[in-house]
Amino acid sequence: MHFMSIEHITKSHGEKTLFEDVTFGVEEGDRIGIIGVNGTGKSTFLKVIAGLEPADSGTVSVGNRVRVRMLAQDPSFAQGETALEHVLGGSTPQLLAVREYAAALDALNARPEDEKLQQRLIAANQRMDELDAWQLESEAKATLSRLGIEDFDAAVDTFSGGQRKRVAMAAALLQPSDVLILDEPTNHIDNDSVAWLEGMLQKRRGALLMITHDRYFLDRVSNRVIELDQGRAYFYEANYSRFLELKLEREQREAASEAKRQNLLRNELAWIRRGAQARSTKQKARIERYEALKEQGPKAGNGKLDVSVASTRLGKKIVELSEVTKRMGDRTLIRDLSYIAVPEDRVGIIGRNGSGKSTLLKMIAGKLAPDSGSVELGTTVKLGWFSQEHEEMDGNLRVIEYIREGAEQIRTAEGESLSASQMLERFLFPPAMQWSLISKLSGGEKRRLQLLRVLTEAPNVLLLDEPTNDLDIATLGVLEDYLDDFPGVVFVVSHDRYFLDRTVDRLLVFEGDGVVAKQEGNYTDYEERQSRLGSGSASDAAASRSKPEAASPAKPAERERALKMSYKDQKDFEQIDGWIAEAEEKLSSIAGQMDAAGSDSARLQELMEEQRQLEEKLDGLLERWTELNELAEKIAAQKENRS
């Protein structure tokens with residue numbers, strides 16, 4: 001089913017063109033990820049599609065009865081509205097019935113003898129039955145709980161920014177829509193909630209458009225990608241992994257085309273410099289061709305973020321936590337935590353929202369004191385604090401003034417000294433932008449500026465609190481590369497599974513009731529351990545080790561049974577290499593067909609299903625290949641021992 005048509009839309013901000021002449025359609029089943037560096041206009045792009053902002057030109061056409069709902073980065077709420085009221089605030093008959101029933105019940109509780117109110121409650125009860133709306137309130141509460149909101153009747157205006165975003169997300173998921181538009185849905189939610197949301201969106205009917213920096217999330221949820229780059233939109237019928245392959249192929253084609261253009265330009269330039277004595281038509285044509293070739297040059301790229309900043313030498317004593325306990329009201333967030341950081345330590349801190357992760361960083365930074373125990377820093381430690389919010393940034397400052405507050409001259413890792421302005425250019429803030437007020441920057445640009453300010457002060461211990469929030473994927477990749485070579489210690493609170501896998505080698509896991517467990521490995525290692533524990537294999541193994549074995553009478557030594565392949569094993573062993581090659585060849589063919597299918601979404605769906613079935617078949621063949629080869633090796637080893 002066709003939901004929306006976006007035709008030739010263009011939008012500019014001042015002199016900057018955000019996107020130009022973009023055309024595409026949205027069909028049922030589309031799950032579209034929007035990608036681009038900060039400042040390219042991704043959020044504006046979604047707002048234009050949602051009808052919240054006008055395009056400078058072009059049209060957005062929505063089908064009859066198609067419902068479009070958008071979760072913005074900064075959602076708005078009615079004064080005094082509770083979390084549950086907001087989630088149930090849609091205009092569908094079921095939601096209206098739920099609200100009428102709640103209002104009738106409250107009124108009757110206040111005046112239980114009022115017969116009119118009794119009749120009103122009976123009518124509301126009947127309406128709930130007719131519309132089968134009884135499950136909505138429980139679903140709303142369950143959705144809020146999964147997103148970390150437990151106080152359903154609390155006023156939303158008392159919540160933090162992250163909590164408000166989660167309430168708005170619960171409403172967006174529960175209230176019906178055909179096209180759901182999400183702007184950074186994984187910000188401010190913990191790892192468990194991200195995994196739950198991932199599953200919800202995979203099963204959801206209708207269409208989805210989203211901006212997210214979470215690469216695992218994007219890979220598992222999306223089936224189309226739109227990349228915004230220098231005002232142009234590039235379309236890929238693929239998830240994130242396949243998008244990276246297709247983007248590389250496109251850039252290689254463009255590079256080859258540009259090399260050819262440059263070669264032609266050099267030839268024409270040589271001819272022009274030799275001079276044209278006559279004024280023939282042919283000579284004029286060559287001059288015109290030269291001018292045309294100059295005009296065909298590619299637009300200036302976004303540039304590449306360069307994170308090359310010096311750090312301060314670090315001594316032997318770094319960060320030592322000794323039996324640290326911290327309470328918040330009647331809750332114990334951290335109980336008797338001890339940890340000694342070692343050189344080049346990379347520590348990820350994970351757990352549910354509100355469990356105390358940011359509190360731990362604040363104690364290391366000296367912004368909070370523990371209730372008991374001690375936090376000691378070495379004398380050479382120079383902390384870099386990358387906070388979750390922008391509260392430390394004065395919006396009335398200009399970009400360059402904010403960096404100059406930290407340092408006028410910045411030394412790079414290579415020993416080069418750069419001015420604040422030069423360093424800003426390396427962080428993709430051109431000279432014209434350096435005199436903009438911070439309040440005028442996008443959320444991602446503020447985060448990038450904040451990161452530069454932290455790094456200019458040459459820290460040797462980095463405290464990163466949700467560093468992936470609002471940063472684009474390209475910037476995250478550069479930050480990950482920087483941390484690979486960073487000689488100091490890193491503590492990072494993050495819900496971004498990909499970022500944790502790339503950057504940390506041990507975890508502090510907030511398990512609840514003040515317990516903080518230490519785990520070796522990255523986030524995927526931790527997930528695999530949890531999966532094994534969940535299946536009972538670990539506990540079963542422990543039980544079997546602790547259970548004494550019953551004594552059994554000694555048996556005479558038995559001759560080792562000769563191993564051999566069955567008839568089926570032998571036939572499979574002879575043919576399986578060919579089967580695997582055939583499956584791989586078919587997969588390659590399908591990938592080519594998907595590239596050629598273009599915007600034929602029906603054909604693409606068929607090909608994607610074929611691709612999924614073939615991948616499952618190939619996985620099974622590879623497992624069978626491993627099994628048969630192991631058996632063949634055992635048979636060969638047994639024969640060798642007997643001989």
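In which strand is H8 found?

**Figure 1. Backbone geometry at H8 in the predicted model.** This close-up, like those that follow, shows a predicted model. H8 is found in strand β1, which spans residues 2-13. Although H8 is not a glycine, its phi is positive, at about 55°. Most residues other than glycine have a negative phi. The relative accessibility of H8 is 47%, so H8 counts as partly exposed, given that this class lies between the 20% and 50% limits.

**Figure 2. Backbone geometry at E184.** E184 is situated in the loop between β6 and α7, the latter covering residues 191-203. E184 is not a glycine, yet it has a positive phi of about 55°. With a relative accessible area of 6%, E184 is buried, because buried means under 20%.

**Figure 3. The open sheet that contains β3 and β8.** Six strands make up this open sheet, in the order β5-β6-β7-β3-β8-β9, and their pairing is mixed. Its edge strands are β5 (68-71) and β9 (232-236), each of which pairs on one side only. From one strand to the next, the twist averages 15°. Strand β3 (residues 31-35) and strand β8 (residues 224-229) run parallel and are joined by four bridges. Within this pair, I34 stands opposite I226 of β8. Helix α6 (residues 161-174) lies across β5 and β6 (179-183). The direction of α6 is at about 165° to that of β5.

Figure 4. H86 has its place in helix α2, which comprises residues 83-87. Because its relative accessibility is 17%, H86 counts as buried, the limit for that class being 20%. Neighbours within four places in sequence are left aside in the following list of contacts. H86 is then in contact with S76, F77 and E81, and also with V167, A168, A171 and Q175.

Figure 5. Strand β10 extends over residues 319-328 and pairs with strand β13 (residues 372-377) in the antiparallel sense, over five bridges. L321 stands opposite Y339 of β11. β10 and β11 form a hairpin in which two residues lie between the strands. In the turn, G329 has a positive phi of about 65°.

**Figure 6. The open sheet that contains β19 and β20.** This open sheet is formed by six strands in the order β14-β17-β18-β12-β19-β20, with mixed pairing. β14 (383-386) and β20 (515-520) are the edge strands, and each pairs on one side only. The average twist from one strand to the next is 15°. Strand β19 (residues 506-512) pairs with β20 in the antiparallel sense over six bridges. V509 has A517 of β20 as its bridge partner. Across β14 and β17 (461-465) lies α14. The angle at which α14 runs to β14 is about 175°.

**Figure 7. Packing of helices α12 and α14.** Two packed helices are described by the angle between their axes and the distance between the axes. The axes of helix α12 (residues 399-406) and helix α14 (residues 443-456) come within 8 Å and cross at roughly 20°. This angle makes α12 roughly parallel to α14, because angles under 35 degrees fall into that class. The crossing in which α12 passes α14 is right-handed. On α12, the contact is made by V399, Y402, I403, E405 and G406, and on α14 by L449, Q450, L452 and R453. These contact residues divide into five nonpolar, two polar and two charged.

**Figure 8. Context of the close-ups within the whole chain.** The protein chain has 20 helices and 20 strands. Of its 643 residues, 44% count as buried. Among contacts in the protein chain with a separation of 6 or more, 67% are accounted for by residues 24 or more positions apart.

Definitions and conventions. Residues numbered from 1 in each chain as written. Predicted model: local features only at pLDDT ≥ 70, side-chain atom pairs only at ≥ 80, totals over all residues. Heavy atoms only, no water. Axes fitted to C-alpha atoms, helices over the stretch in contact; angles between N-to-C directions. Parallel < 35°, antiparallel > 145°, perpendicular 65-115°, else oblique. Left-handed = near helix turned anticlockwise from the far one by under 90°. Contact = heavy atoms within 4.5 Å. Nonpolar A, V, L, I, M, F, W, Y, C, P; charged D, E, K, R; others polar. Pairing = 2+ DSSP bridges. Buried < 20%, exposed > 50% of the residue type's maximum accessible area, 1.4 Å probe, protein only.
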